[in-house]
Amino acid sequence: MSWTKRFLLSCLVLLGSEAVPISVDKTKVKLPEDTTQVTFTKNHEHGFYTSVFFNVLKDTGLHYDRYLREVIDFLEKDQHFREKLHNTDMEDIKQGKLAKELDFVSHHVRTKLDELKRQEVSRLRTLIKAKQDIDGGNGQTVDHQALLKQFEYLNHMNPHTFEVEDLDRLIKSATSDLENFDKERHEEFKRYEMMKEHERREHLKTLDEDGRKKEEEHYEEMRKKHADHPKVNHPGSQDQLKEVWEEADGLDPEDFDPKTFFSLHDTNGDGFFDEQELEALFTKELEKLYDPTNEEDDMVEMEEERLRMREHVMNEVDANKDRLVSLDEFLIATKKKEFLEPDSWETLEQNQAYTEEEMREFEEHLAKQEEDLSEKATELQKQREELEKQQEQLNAQKVELQQAVEHMERLKIQNAQPPPQVHGETPFAVGAMCFHTVQSLQ
C-alpha cells in the first residue's frame, strides 16, 4: 500500500480520536457499540484501506465532522462504491477518480446524500446569518470571502443535490484540514497558556503588597511540586517500553522482545501502530507528571504532553511519514542508539509554550480588544441614554395628548347638554312668558 493512501485514511481515523483519561489503559478501552467494526486482514492492502476509510471512530474535531461521517456511512452501504474503493490508489483519489464513482451508486444512497447535503447547507446558512448578525452588531465589516472559505468542503452553489464535486471537495478538504490538526492544537494550547498567565498577572494587580507576595509564593510552591516527579523516560526509548512491558503487561523486563511488544500493543491487529495505539504507551509516563486530584497539575497540559510524546515518536520512527508505524519501522528504530541510549526527556515545564515577546503581543491584543469593547460599551451607553431621553419626551407628549383629549371630551359633553328649565314649567309656558315680557317692554 502506498504511504499516501495510508496517510489519508489514517488521518480520518486517528486525528479524530479523543484522548483517553489518564487512569485508563487505552489498550483495553472498549470501542463504542455504534462504532463500525471491520475485520482487518494483516498485510492485505485493500482490506486495510477499506477498513480504515470506513472506520471513523470519534469526532474529528472538524466543524463539519457530522456531515463527513454521515456521508462516509452511507457510501459504505453501497456495494459498487466499496468494490471500487478496493482498487483505487491514493493518486486516483487525489485526481477525483473515486469521486466520479458516485454516479454509479444506488438511487437510495444518492437520495440520502442529497438529503444530507440539504441539511448541511441549511446549517451553514444559519451559521452565516448568525455570524453576520454578530459582526454587524459589533460594527465590523463581514468578510464574505473568508466566511465562504470555511465551507469549501461542499458546493454551496448547488444546495439541492450531492454531486461528484461535493464528494471530491469533501475528501480534499478533510485531508487538508486534518493534516493541520496538530498544528492548530498546539496554537490553541499556546493561547490557553498565555491566557492563564495573563489572568494570573491581572489577579496580582488587584492585591496589596502582602497579598501579592503570598500569591507569588503559592505559585512558586505549586510549580516546584509539579516539577518534583519521578524520572520521565524518553518516549519510545527502550527504558520507556520496558517499563510498559513490566508494569502494564506484567512481563519480566529481562525478557523484553520488540516484536512481541509490537504484537501485544497493536490492539486492532492491522500490523501498524496508529497514533491512538502509540499514545496508549505513554500513560505510565504521564501518570508520573499529572494527577487530576493535585492542584498543581493541569489536565489540559497533560493532553499537550501526550501530543508532544506522540509527535516525537512519529518523527523518530515513522520513516515514510504516513502517520503509522509499521513493524519493520519499529524494529529498525529499536536498533538505533537513540533507542538504547536516549537523551533525557524535557517536559512541558522545561519548554514554555510561548516566548515573552509572544506574551507581550498577546496582552497588547487583549488590551486592544478591551479598549474596543470599552469604546463600544461607551457608545452603547450614550445610545441608551439618548433613547431614554427620547422615551421621556415621548411620555411627556403622550401625557399632553391625553390631557388635550380629555379636555375636548369635556367640551363635547358640555355642548351636548340642553338649556336649564324652570322647575314646574313646560317649555311652551316658558316661551309664552318670554313673549309677553317682550311685549310689555315695547
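In the predicted model, Tyr67 is buried, with a relative accessibility of 2%. The residue belongs to helix 3, which spans residues 65-76.

A pair of aromatic rings is described by the distance of the centres and the angle of the planes. For Tyr67 and Tyr153, the ring centres are 5.7 Å apart and the planes meet at 55°, so the pair is classed as tilted. Planes under 30 degrees apart would count as stacked and those over 60 as edge-to-face.

The structure holds 9 aromatic pairs. Elsewhere in the chain, one aromatic cluster is formed by Trp245, Phe256, Phe261, Phe262, Phe273 and Phe330.

The charged end of Lys77 sits over the ring of Phe74, at 4.2 Å from the ring centre. In a second case, Arg200 is positioned over the face of Tyr219, 3.9 Å from the centre of the ring.

Arg200 and Tyr219 both take part in the contact between helix 10 and helix 11. The axes of helix 10 (residues 181-205) and helix 11 (residues 209-227) come within 10 Å and cross at roughly 150°. Because angles over 145 degrees count as roughly antiparallel, this description applies to helix 10 and helix 11. Helix 10 contributes Glu197, Arg200, His203 and Leu204 to the contact, while helix 11 contributes Arg212, Glu215, Glu216 and Tyr219. By class, the residues of this contact comprise 5 charged, 2 nonpolar and 1 polar.

Val232 is found in the loop that joins helix 11 to helix 12 (238-247). With a relative accessibility of 5%, Val232 counts as buried. Apart from neighbours within four places in sequence, the contacts of Val232 are Glu285, Lys288, Leu289, Met309, Trp345 and Thr347. For one of these residues, Glu285, the C-alpha atom is 5.9 Å from that of Val232, although the two residues are 53 residues apart in sequence.

Methods. Residues are numbered from 1 along each chain as its sequence is written. This is a predicted model: local features need pLDDT of at least 70, side-chain atom pairs count only at pLDDT 80 or more; totals for chains, interfaces and linings use all residues. Side-chain values use heavy atoms; hydrogens and water are left out. Rings of Phe, Tyr and Trp (its six-membered ring) pair if their centres lie within 6.5 Å; planes under 30 degrees apart count as stacked, over 60 as edge-to-face and the rest as tilted. Helices (H or I, at least four residues) and strands (E, at least two) are DSSP runs, numbered from the N terminus. Buried means under 20% relative accessible area, exposed over 50%, partly exposed in between (1.4 Å probe, protein chains only). A charge sits over a ring if NZ of Lys or CZ of Arg is within 6 Å of the ring centre and within 35 degrees of the ring normal. Axes are lines fitted to C-alpha atoms, for helices over the stretch in contact, and angles run from 0 to 180 degrees between N-to-C directions. Angles under 35 degrees count as roughly parallel, over 145 as roughly antiparallel, 65 to 115 as roughly perpendicular and the rest as oblique. Contact means heavy atoms within 4.5 Å. Ala, Val, Leu, Ile, Met, Phe, Trp, Tyr, Cys and Pro count as nonpolar, Asp, Glu, Lys and Arg as charged, and the others, Gly among them, as polar.
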